[in-house]
Structures are given as structure tokens and as C-alpha cells.
Amino acid sequence: MKDLFAKIYKDKGPLGKWAEQAEGYFVFPKLEGQISNRMKFQGKEVVTWSINDYLGLANHPEVRKVDAEAAAEYGSAYPMGARMMSGHTELHEQLQNELAAFVSKEAAYLLNFGYQGIMSTIDALVAKDDIIVYDVDAHACIIDGVRLHMGKRFTYKHNDVESLEKNLERATKMAEQTGGGILVISEGVFGMRGEQGRLKEIVALKKKFNFRLLVDDAHGFGTLGKTGAGAGEEQGVQDDIDVYFATFAKSLASTGAFIAGDKEIMDYLKYNLRSQMFAKSLQMQLVVGALKRLDMLRTMPELKQNLWKIVDALQSGLKDRGFDIGTTQSCVTPVYLNGSIPEAMALVRDLRENYGVFCSIVVYPVIPKGLILLRMIPTATHTLQDVSDTLDAFDAIRTRLENGTYKRMSAALMKAMGE
Ligand SMILES: Cc1ncc(COP(=O)(O)O)c(C=O)c1O
């Protein structure tokens, strides 16, 4: 019989095999200093485009003050226990009520982490005879949530409403046999490439098919819509989203998440979300901190305006210089280049070391082979100077990529990797 670990010793996985070359630099990098537009990486200042602090709240003095006061008052333990047992408080309820009002829903329920929370939400919403239809490019937490489902599931082509319709036809036939219902899951904004989920068109299909819609709006919450209530508000279909999900880990620059919808559905989830029922309640300092952040979101529209000033400058600057930024319809700013993984490594090293620009790099298997995706997250703390420095840097690295500089630099590495 094989040792359980045998496969691990042999194969580190598609990303893990690069650990020796990549760790500490391309993956698991250590960014130091206060969270802002400029941080330190390996002792050097870099313009930081890889932090989801969209509204610049992470290090806002008012936020820091409230966080510090809440930590002093409550410590990091309070309240102890799960919500259902001994971890429930007035302030948890207040935050839920304020979140629900903000996203125009009857009720909301807090989640300790978005990832586990949405998994449990999916798990609780569907029974064995129900069918899930979800976007093939869904975030890992949705995929893991679907994995918990004991019944049938279909994927539809990424953001492709025709494909969704076809799969809804199949799902409807199947549901008629099983006697179950249908859950459709989309993201409000797809975080890798920045397109908005086609919520308006998805919602229009409700006229033809009987389904409920769950939207993961991690990147839309706080950044899209007139009030910042997200992709549903932006597309005018918030009322038709049956279960709305967002995390505090992006615009609110914290930890925690929530779901929102009709009161009866939230009441049901409150008693059936396993990752909340059997896990310690969200700490009070995070609850107090979220109340403060939400208040700022509501009362300081200039935060979102500042964010979009930077987004517009960055995205239009890239387009004007002929960069391919795909089909983004949000703050998420991808730049697509052609090259191998070793070339991508040399390019990113150059960008960081010689141009002081830090952004995330995404390569195969997350995107197709031969493509390099540099992913930038603009924030309200960036300046127009950051944008112009970055555009100049991108021009320079594109020239070097095209004239083969990175290919030569990476040749030795490619040989070593047997590529
Ligand atoms: C689309 C999406 N959904 C869910 C999550 C998970 O949220 P959390 O970080 O609160 O666990 C993330 C990552 O933060 C995300 O990008």
C-alpha cells in the first residue's frame, strides 16, 4: 500500500513546482510598512497595486482610531462562543441591520470569513434534489461550496448568457424529475479579469425560468453603484438578487463578510449555516470596525470618487498606450502580455527592482499557457503620479519583453526547469 504522502513528495502541483524560484518574491511576498499606495518590498519603496483596499480605509486615521479603541475596550476574544450559544451581541445585530439597509435588503447575517461563509450558504440553500447552475470561472469559494452539494450541478460558459440559458433548460428538465429547485450563482465582479457578472441579463431569465440567484459581490461592494451598494445597484437589479454576498476583506479593509436577502431566508440561514453555527462569533473589534467603515462608505462619497479618478486614469492611460486590458468593467485592472512563465518572472523582477512597481502576476494554469496577466488594483490612496510612473514603467517592460530581453534573461531558468 502507498504512503499517503507519496504523491506529495513526488508532485508539488502546478504552482507548487515553482516554489523554489517563486516563493518570497512572486508568491508569498512580504510587503512591509503601513498599507498604502507605496509600501516596502525587500527594503525598496514600490508603488503597490496589489492590495484590495479600494477605498483607502485600511490606514485611514479615523478607522485606525476606532480599531484601536475597540481593541482596547474588547480585546480580541470578546464575544466568546458561536453566535447561537454565547457569541451574540447587540452590536452584531446593529451591523447586520445597517448592512441590510445599505444593500437594500430586508435582513443580513454576518459571516466570520467570506470563504467559509459562502460555502455554507450554498450548502444550506440546496438540498439533494436541487440543481446548481454556476459560472465556470467562479471564485474558489463558490466551487468549494458547490462541492458540498449532493445533487446535480451544471456550469455555464464564463459570463455567457446563452450558455446559462441552455443549462437552465437542462436544469429545469432535471428539476422537474427530482422535484427540486434551481440556484444560479454568479459573481458581481469577476476578480481576476474585472468583468461584471451579467446580472441584468441573468435576472431577465427569471421571466422564462424558475430559479433563485446568489451573487458574490466581493469586488463590487463599495466600488460600484451610485451609493456603493455594488454590482446589483450598478445594473439596477439589486431587488432581483435573492441572496447577496459581500466580504469586508476588500472595500471595508477588514475581516468578515455578510449575506443579505429576505428576512425569512436570512432567518433560515441563521439556523443552518454550519460554518457560523459551529464557529466562534466575529470578534467585537471587527464588528465595531465594520460599523465605522460602513458609516464612512455611506457618508463619504469622495472615497469612491477618488478611487474612480485613479481607475479611470490608469485604465485609459493603459488603453491609450496600446495595452490590452481585456474587458474589465470595474476597478480590477488586468494587463495581458504574451510570454512564458520564466519570461513573466524576469519581467516582474525588472518591474519591481528597476521601476519600483509592484503588482500581482497571474500565469498558467490560472490563465491559458503563453499569457501573462499583470493584475492591478487601484485604490483611493493612489495618486496620478503613481499612475504616470506606472504607465512609463509598463511601456519600458513591454519594449524589453518584445525585444527578447526577458527571454535571454530567463533562458538559464527555463533550461533548469526543463521547459
Ligand atoms: C470573489 C470572492 N469571494 C469570496 C472571497 C472570500 O472572502 P474572505 O476573504 O472574506 O474569506 C474572496 C476573497 O477575498 C473573493 O475574491
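# Close-up views of the model

**View 1. Contacts of E187.** Neighbours within four places in sequence set aside, E187 touches D135, A138, H139, G197, V215 and D216. (Two residues are in contact if their C-beta atoms, placed from the backbone, lie within 7 Å.) The model is a predicted one: local features are given only at pLDDT of at least 70 and side-chain atom pairs only at pLDDT 80 or more, while totals for chains, interfaces and linings use all residues. Numbering starts from 1 along each chain as its sequence is written. E187 belongs to strand β7. (Helices, H or I and at least four residues, and strands, E and at least two, are DSSP runs numbered from the N terminus.) Because 27 C-beta neighbours lie inside 10 Å, E187 counts as buried. (Buried means 20 or more other C-beta atoms within 10 Å of the residue's own, exposed means 12 or fewer, and partly exposed is in between; C-beta atoms are placed from the backbone.) E187 and I372 are 185 residues apart in sequence, and their C-alpha atoms are 23 Å apart in space.

**View 2. The loop that holds E195.** E195 is placed in the loop between β7 (182–187) and α8 (199–204). Is E195 buried or exposed? E195 has 20 C-beta neighbours inside 10 Å and therefore counts as buried. Its contacts, leaving aside neighbours within four places in sequence, are N159, F190, T327, T328 and Q329. Between the C-alpha atoms of E195 and C331 there are 9.5 Å, although 136 residues separate the two along the chain.

View 3. Domain 1 covers 6–54 + 301–417, and domain 2 covers 61–299. (These bounds come from an automatic or database domain assignment.) The distance between the C-alpha centres of the two domains is 29 Å. Their contact takes 17 residues from domain 1 and 18 residues from domain 2. On the side of domain 1 that touches domain 2, α13 and β11 (333–338) each supply at least two residues. The largest share of that side, 3 residues, comes from α13.

**View 4. The largest nonpolar core.** This core has 115 residues, and V133, F258 and I259 have the most contacts inside it. At least three of its residues come from each of domain 1 and domain 2. (A nonpolar core is a set of buried Ala, Val, Leu, Ile, Met, Phe, Trp, Tyr and Cys residues joined through C-beta atoms within 7 Å.) Which residues does V133 touch, not counting residues up to four places away in sequence? They are F154, Y156, L164, N167, L168, A171, I182 and V184.

**View 5. Helix α15 and two helices that pack against it.** The axes of α13 (residues 301–320) and α15 (residues 384–402) are 10 Å apart, at an angle of about 20°. (Axes are lines fitted to C-alpha atoms, for helices over the stretch in contact, and angles run from 0 to 180 degrees between N-to-C directions.) The two helices are therefore roughly parallel to each other. (Angles under 35 degrees count as roughly parallel, over 145 as roughly antiparallel, 65 to 115 as roughly perpendicular and the rest as oblique.) Residues I310, A313, L314, G317 and L318 of α13 meet L384, V387, L391 and F394 of α15. Helix α14 (residues 341–355) packs on α15 at about 145°, with the axes 10 Å apart. Here E343, L347, D350, L351 and Y355 of α14 meet A393, A396, I397, R400 and L401 of α15.

**View 6. Packing of α4 on α12.** The axes of α4 and α12 (residues 284–299) come within 10 Å and cross at roughly 30°. That makes α4 roughly parallel to α12. Among the residues that meet are L91, L95 and F102 in α4 and V287, L291 and R298 in α12.

View 7. Y78 and P79 are joined by a cis peptide bond, with omega about -5°. P79 lies in the loop between α3 (61–74) and α4 (90–102). F28 is not a glycine but has a positive phi of about 50°. F28 sits in the loop between α2 (19–22) and β1 (31–32), and F28 is exposed because 9 other C-beta atoms lie within 10 Å. A253, also a residue other than glycine, has a positive phi near 45°. The loop between β9 (243–247) and β10 (257–261) holds A253. A253 has 24 other C-beta atoms within 10 Å, so A253 is buried.

Notes
Core = buried A, V, L, I, M, F, W, Y, C linked by C-beta atoms within 7 Å.
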